[in-house]
Amino acid sequence: MIDQNIPLSQLAEQTAQQFQQRYGRAPKWIAAAPGRVNLIGEHTDYNDGFVFPMAIERYTVIAADRPSVTGRNDINWHCARTNQTASFPLTKPVPKAEPKHWTNYIRGVFAGFQNRGLDAGPLDVLMASTVPLGGGLSSSAALEVATATLIEIVSNQRLERVTKALLCQKAEHDYAGMPCGIMDQFISTLGEQDHLLLLDCRSRAPELVPMTDPGVEVLIVNTNVKHELVGGEYAQRRRQCEEAAKALGVPALRDATADALEGNKGKLDPVAYRRAKHVIGENERTEHAAHGVRASNWPTVGQLMYASHLSLKDDYEVSCAELDAVVEIAHDIGIDGGVYGCRMTGGGFGGCCVALVQTDATKAVAAQIADAYEKRTKIKPTLFVSRPAAGATVVKGGV
Ligand code: ADP
Ligand code: MG
């Protein structure tokens, strides 16, 4: 029932073997970066608020070497996962591929290093990944941060880690056309084993919060649905939040309190009010949850997760029937059955739920959720467990 994680060392070994098969020699460099799950703090990032993600034991691994022929000035990149190969020239700036092409994330990172005067030079590359693509676990940031880590070792020059994360975020903005916040690239770069990252999206101050209690595990349930929305929901939510902040007379919703919102309820239309209510409440819940994790107070963290889900469903309106089904099933299992809490994670409208589960009940809980979810939706979910993992790693060739 539980989809097993392949340890990074094993995945790197497999990637090196695939590189050898494809190019006839061993790779000189291997870099990796993880995907992530956000425990709580959803749709708070662009409101200057708090997020609380952890890196997961799912990685994008990139093996590379110089081309065996001289005179090339391009990047030749094979993706083992999708069996696609692409190449792009290292002209300045690196050209964009057509919109939504998978190499845009990579090209954007190469361009970011060029802007800093750092040229990686020509490469043969083979990439593998165990992060689900497009499932809300940030395969995009894993790809960007792994690419940046590769360029660092190839060029023998390290960036300061926050600079590196921001370079990757800019790649996603400029080359992939996705105006994302800082969470994904920060956690994929700065994550530490057995720690979550409480991130203040205004000051960008990262705070590592230990989560070492062996009695609790994070279960990730992929609904395996993704509802394509025509209405530009993300941009609309951002706009509604900005309008609400303006009406409340604050720079961002991060600065508003629940009391101020209630006091000014008349100034906001009902939709803007509910959007603001979610963001203000979610920021409070996120800081509160960080205290809960520090104290290993899992029932409290779990309750905050359920409250977050309800707020995302009713006030922010970014959930969907499949995500709600997982949370309801988890809630029915309850603490007695081993579940502390559960919520949708990521932008919404599909993707994954995250649940906090008692370690000795994980297998039974996963089986119950999978069965009940399939009965209700006729869709098979994918489930896996992760401990908080380390961020970007040099597997081979670093100095
Ligand atoms: P998420 O980050 O939640 O997985 P995104 O839509 O932001 O979803 O990014 C997914 C896209 O990133 C994929 O559609 C693909 O274009 C690209 N991508 C990420 N990782 C890989 C990979 N290992 N191989 C090929 N493409 C990838
Ligand atoms: Mg993404």
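**View 1. Residues around ligand 1 in the predicted model.** The shell holds 15 residues (those with a heavy atom within 4 Å of the ligand), and Gly 134, Gly 136, Ser 138, Ser 139 and Ser 140 are the closest. By class the shell has eight nonpolar, seven polar and no charged residues (Ala, Val, Leu, Ile, Met, Phe, Trp, Tyr, Cys and Pro are nonpolar, Asp, Glu, Lys and Arg charged, the others, Gly among them, polar). At least two residues each come from β5 (123-129) and α3 (139-155), with α3 giving the largest share, three. Helices (H or I, at least four residues) and strands (E, at least two) are DSSP runs numbered from the N terminus.

**View 2. Serine atoms and oxygen atoms of ligand 1.** A polar atom in the side chain of Ser 139 is 2.6 Å from a ligand oxygen. For Ser 140, a side-chain N or O atom lies at 2.9 Å from an oxygen of the ligand. Ser 138 places a backbone N or O atom 3.5 Å from a ligand oxygen. The protein buries 81% of the 570 Å² that ligand 1 exposes when taken alone (Shrake-Rupley method, 1.4 Å probe).

**View 3. Lining of the second largest pocket.** Among the lining residues are Met 1, Ile 2, Asp 3, Glu 57, Glu 217 and Arg 387. α11 (362-377) and β11 (382-386) are the elements that contribute two or more residues to this lining. Its classes are three nonpolar, four polar and five charged residues. A pocket is an open set of points on a 1 Å grid over the protein atoms alone, where a 1.4 Å probe fits, with protein on both sides within 12 Å along at least five of seven lines; lining residues have an atom within 4 Å of a point.

**Notes.** Residues are numbered from 1 along each chain as its sequence is written, and chains are lettered from A and ligands numbered from 1 in the order written. In this predicted model local features need pLDDT of at least 70 and side-chain atom pairs pLDDT 80 or more, while totals for chains, interfaces and linings use all residues; side-chain values use heavy atoms, without hydrogens and water.

How values were computed. A polar contact is a pair of N or O atoms within 3.5 Å; within protein, one must be able to donate a hydrogen and the other to accept it, and residues adjacent in sequence count only if both atoms are side-chain atoms.
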